[in-house]
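This briefing concerns the structure shown below.

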Amino acid sequence: MIETVRFWAIIILLALGVFFTFVSAVGVLRLPDVYARAHTASQTDTLGAGLALAAVAVALGWQHATVYTVLLLFFVFITNPTAAHAIARSAAEMDIQPWTADETNDSSGPNLEADDGSDLEESTDGFDGGESR
Amino acid sequence: MIPTDINEIFLFAAAIFVLLAIAMFYRAVAGPTTQDRLLAVNVLGTNTVVILALLAAGLDQPWFLDIALIYALLNFLMAVAISKFTVERGGVL
């Protein structure tokens with residue numbers, strides 16, 4: 001009975017991990033600028049990796065490899081949002097302008113060509129990049 | 001202890017993670033800024049850590065977890081170091 005419970009716990013954790021990693025992949029490929037991509041990479045990818053590693057930890061049982069897996073899970077939970085925050089902050093300090101909805105009222109989708117900040121001069125005054133540290 | 005079906009399920013999940021990691025190469029190649037490419041490589045590294053852990057459970061070889069742990073350490077160090085290098089090059093790095 002306990003083997004059946006563990007089997008379905010592994011199945012559910014792996015399915016949720018694959019689902020959240022799929023959401024992360026779609027977000028990184030489809031979202032308009034680097035800040036939105038850093039948002040989805042910090043949250044859904046951390047959750048997907050954590051659930052998949054939890055499935056591995058449940059499957060390995062009580063042995064010393066489980067300690068490695070739980071250590072890896074906590075390490076991923078701490079360092080993956082930190083890395084996404086560092087990437088988004090370096091994008092902010094290089095004065096990359098965030099994508100706003102009123103810039104693309106004439107195009108069909110998010111303009112991937114405009115996020116070098118060359119034609120977004122009217123929104124620069126509300127975004128201080130490196131001075132506020 | 002673990003039945004064979006569980007091992008095949010872990011290998012199938014690892015195959016799906018490999019496909020999602022290959023999809024990250026589009027953003028790593030076509031990303032407009034340096035931070036887009038760095039973020040794509042960071043997500044790809046996290047997927048690689050998960051793939052190594054799933055292979056450790058699927059192939060029943062627990063020493064893959066050591067490689068996954070070292071890979072996670074180097075992935076975090078890469079993300080922080082390159083994002084610091086792009087802002088102040090010549091400063092710390």
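With which residue does B:Asp36 form a salt bridge, and how far apart are the closest N and O atoms? In this predicted model, the partner of B:Asp36 is A:Arg37, and the closest N and O atoms are 2.6 Å apart. The count between chain B and chain A is 1 salt bridge, and the area buried between these chains is about 3,900 Å².

**Contact between the chains**

- Chain A brings 48 residues to the contact, and chain B brings 40 residues.
- Carbon and sulfur atoms give 80% of the area buried between the two chains.
- On the chain B side, B:Arg27, B:Gln35 and B:Leu39 supply 15% of the area buried against chain A, more than any other three residues.

**Nonpolar cores**

- The largest nonpolar core holds 35 residues, of which A:Leu14, A:Val56, A:Leu72, B:Phe10, B:Phe17 and B:Leu54 touch the most other members.
- Six helices each supply at least two residues of this core: H1, H2 (34-60) and H3 (64-93) of chain A, and H1 (4-30), H2 (34-58) and H3 (64-87) of chain B.
- Helix H2 of chain A gives the largest share of this core, 9 residues.
- Leaving aside residues up to four places away in sequence, B:Phe17 touches A:Gly17, A:Val18, A:Thr21 and A:Ala52 in chain A, as well as B:Asn47, B:Val50, B:Ile51 and B:Leu54 in chain B.
- A second, separate core has 20 residues, including A:Tyr35, B:Leu20, B:Ala21 and B:Val43.

**Salt bridges**

- Over all chains, the whole structure has 4 salt bridges.
- A:Arg6 pairs with A:Glu3, with 3.9 Å between the closest N and O atoms. These two residues are separated by about one helical turn because they lie 3 residues apart in helix H1 of chain A. A:Glu3 has 43% relative accessibility and therefore counts as partly exposed.
- The pair of B:Asp36 and A:Arg37 crosses between chains, from helix H2 of chain B to helix H2 of chain A. Both B:Asp36 and A:Arg37 are buried.
- In chain B, the side chains of B:Lys84 and B:Glu88 meet in a salt bridge at 2.9 Å, N to O. B:Lys84 is partly exposed at 37% relative accessibility, and B:Glu88 is partly exposed with a relative accessible area of 31%.

**Nonpolar surface patch**

- A:Phe19, A:Phe22, A:Val23 and A:Val26 make a nonpolar surface patch of about 340 Å².
- Of these residues, A:Phe19 lies in helix H1 (residues 2-30) of chain A. A:Phe19 counts as partly exposed because its relative accessibility is 46%.

How values were computed
Residues are numbered from 1 along each chain as its sequence is written. Chains are lettered from A and ligands numbered from 1 in the order in which they are written. This is a predicted model: local features need pLDDT of at least 70, side-chain atom pairs count only at pLDDT 80 or more; totals for chains, interfaces and linings use all residues. Side-chain values use heavy atoms; hydrogens and water are left out. Patches are made of residues with over 30% relative accessible area and no salt bridge: like charges are joined within 9 Å, nonpolar side chains (Val, Leu, Ile, Met, Phe, Trp, Tyr) within 5 Å. Accessible areas come from the Shrake-Rupley method with a 1.4 Å probe; for residues, only the protein chains shown count as cover. Helices (H or I, at least four residues) and strands (E, at least two) are DSSP runs, numbered from the N terminus. Buried means under 20% relative accessible area, exposed over 50%, partly exposed in between (1.4 Å probe, protein chains only). A nonpolar core is a set of buried Ala, Val, Leu, Ile, Met, Phe, Trp, Tyr and Cys residues joined through side-chain atoms within 4.5 Å. Contact means heavy atoms within 4.5 Å. Buried area is the accessible area (1.4 Å probe) that two parts lose on being put together, summed over both.
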